[in-house]
Amino acid sequence: MDLSRIKDPKQIKPLTIPELEKLAADIREFLIQKLSVTGGHLASNLGVVELTLALHYLFDSPKDKFIWDVGHQVYVHKILTGRAAQFDTLRQFKGLSGFPKRAESEHDIWETGHSSTSLSAAIGMAISRDLKGEEHRVIAIIGDGAMTGGMALEALNHIGHEQRNMMIILNDNEMSIAPNVGAIHNYLGKLRTDNRYKKAKEELELLLKKIPAIGGKLAKTAEKIKDSLKYLVLNGILFEELGLTYFGPINGHDFHDLFTALKQADKTPGPVLVHVVTKKGKGYKPAELDSDKFHGISPYKVESGEVLKKPSPPSYTEIFGRTIVKIADQDKKIVAITAAMPSGTGLTLFQAMYPKRFFDVGIAEQHATTMAAGLAVDGMKPVVAIYSTFLQRAYDQLIHDVTRQNLHVTFAIDRAGFVGADGETHHGVFDIAYLRSLPNMTIMMPKDENELQHMIYTAIEYCDGPVAVRYPRGNGLGVDLDEEFQVIPIGKFEIVHPGKNVAILAVGPMVHLAEEAAKKLTEIGIEPMVINARFIKPLDEELLLQLADKGMDILTVEEGVLKGGFGSSILEFYSEHQKEMHVKMMGIPDRFIEQGSIPELRKLAGLTADHIAEQVKNMIFQKQRT
């Protein structure tokens, strides 16, 4: 079937089940072919093909509200809502987003790239519907991994209290990105495999119905028997105790089972939860065998699943992973913590080498942060490996539990700066601003992968309080790596290129761009000083005062938001010291930046060697005019 001919989900409603099965196969083939070129979230979308078809077949989007948790599993939804023709642009600059996007379609009613938000949004929409006297369905689709997030559990508690008509589809594929962990996951496993409760409960209900009349006391006894049976067969029926009606487990790849369960759930008043079991990567053997790898995949060979990558230096993530293992070899106090991202954060080697000192807490960034604080207060050296965008979710814990108590927790902040194709929800551009204001916090960023390993070593072994080492996504520069770790003096910048008139204070990858700009400027007789501002906090006050004494103009360059960022800290410093300095700042403007390749996004934000050189020239010419 030509999927580009689907302009509205209503077009699938006349189809028979065999026709839907053929459409499901066509969609899988379409996704496998298209994502082999663009990359994207393959495994999760292959797992929800039948479920997404069933939802659009039975219900009426956009009148009925579909709220997708995390949002990376909406590719099938996008195909059914008229966007198949745009898949050649998936996750590309000015192209189709890999997540729900309200500006793209009226069918995308909730934007998300972070986990565990759907249930809170759904109960909000259900309350709004009821207050306005409207009639439509509110349906949240959430994965079992996302159910480990504390926000989802908070929402479940309130949903059970409110008793509004709404449906929760629990897509249970036993995976978030890495295999799920924790009690919730184990509980769902028990529900998946134990049909005794369902069968026994049905037999009991049938028996009761055959009794002509059971009044008062006998009816209450019957309910107690049913409840006792519930606890006898399963150790606690979590969802029913929270006030939801539970349906399942349902085979998420069988249209007959899906239609029966969804229709029954739709007729049930109050909040209902439909537990659907799916297989991540279904229909594509490489993705079925390694759904972690195919969660977010680069372009690949369809025949084998082999990723098409050119030889390149190791990534910053790999360097971090190797470094922490080497340090842990010598220091038994080191403990590594991740929130459902062991491979994404480079901790798989540590996990293999030191399983007793490795902890994957699930999608629970708040818990990870305070757990680390608990370890630190008792003398251990916890390292929390986490993406910049996910650390945002633990901000209260950073303040209340870590920095306020001045505990030695190291935060290895991956994906700092632009991340590329995942767009607004994943760019790590806010952490400088949200960390810099916290007392006791030390913030570092390396100019290359060699400096990264020294920073990790310095942070773990030579800092007393909380430390954040932030580093970008992607490959390093290919510099040589020192065999022995070195201690970097806390709060000291590095002059990488001496010069005069203008000092470029660059952070992280911007140092390399500043060096490129300096080379261009040298060709026309301008020699700016280039400084590796490797400590965002504390600042190198001695060097900053020397620059003031020399009458140097200052240009700051950072791949982070300008509001409250590194450049702001330089302005604050000179203001506090009553120094009248000409300071210009380059960084990310006060708006959310879309998806695209990192070079495209840097160009969009004006963070290129050419832009830096032009800014330096303008500063010098302006100074000459005055």
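1. Let's start with Thr-338. Setting aside neighbours within four places in sequence, Thr-338 is in contact with Thr-345, Leu-347, Phe-358, Phe-359, Asp-360, Val-361, Gly-362 and Ala-385. Bear in mind that this is a predicted model. Thr-338 belongs to strand β6, and its relative accessible area is 1%, so it counts as buried, the cut-off being under 20%.

2. On to the sheet. Seven strands make up an open sheet, running β7-β6-β8-β9-β11-β10-β15, with mixed pairing. The edges are taken by β7 (358-360) and β15 (535-537); each has a single partner strand, so one side of each has no neighbour in the sheet. From one strand to the next, the twist averages 20 degrees.

3. Next, helix α15 (residues 365-377). It has 13 residues and spans 19 Å from its first C-alpha to its last, close to the 18 Å expected at 1.5 Å a residue. Its buried residues are Glu-365, Ala-368, Thr-369, Ala-372, Ala-373, Leu-375 and Ala-376. Viewed down the axis of α15, these buried residues fall within an arc of 160 degrees, so they line one face of the helix. As a reminder, an α-helix has 3.6 residues a turn, so residues three or four places apart point the same way.

4. What lies over that face? The cover for the buried residues of α15 includes β6 (334-338), β8 (381-387), α16 (388-391), α17 (395-403) and β9 (410-414). Just past the end of α15, Gly-379 adopts a positive phi of about 95 degrees.

5. Helix α3 (residues 49-58) is another case: nine of its ten residues are buried, so the helix is largely enclosed by the rest of the structure. The buried set is Val-49, Glu-50, Leu-51, Thr-52, Leu-53, Ala-54, Leu-55, His-56 and Leu-58. Note that Glu-50 and His-56 are on that list, if you're thinking about where the polar side chains go.

6. Last, the aromatics. Counting ring centres within 6.5 Å gives 17 aromatic pairs. For Tyr-387 and Phe-390, the ring centres are 5.4 Å apart and the planes are at 10 degrees, so this pair is stacked. Both Tyr-387 and Phe-390 are buried. Elsewhere, Phe-30, Tyr-75 and Phe-87 come together as one aromatic cluster.

Definitions and conventions:
Residues are numbered from 1 along each chain as its sequence is written. This is a predicted model: local features need pLDDT of at least 70, side-chain atom pairs count only at pLDDT 80 or more; totals for chains, interfaces and linings use all residues. Side-chain values use heavy atoms; hydrogens and water are left out. Buried means under 20% relative accessible area, exposed over 50%, partly exposed in between (1.4 Å probe, protein chains only). Helices (H or I, at least four residues) and strands (E, at least two) are DSSP runs, numbered from the N terminus. The expected span of a helix is 1.5 Å times one less than its number of residues. The arc is that of the directions from the helix axis to the C-beta atoms. Contact means heavy atoms within 4.5 Å. Two strands pair if DSSP finds at least two bridges between them. Axes are lines fitted to C-alpha atoms, for helices over the stretch in contact, and angles run from 0 to 180 degrees between N-to-C directions. Rings of Phe, Tyr and Trp (its six-membered ring) pair if their centres lie within 6.5 Å; planes under 30 degrees apart count as stacked, over 60 as edge-to-face and the rest as tilted.
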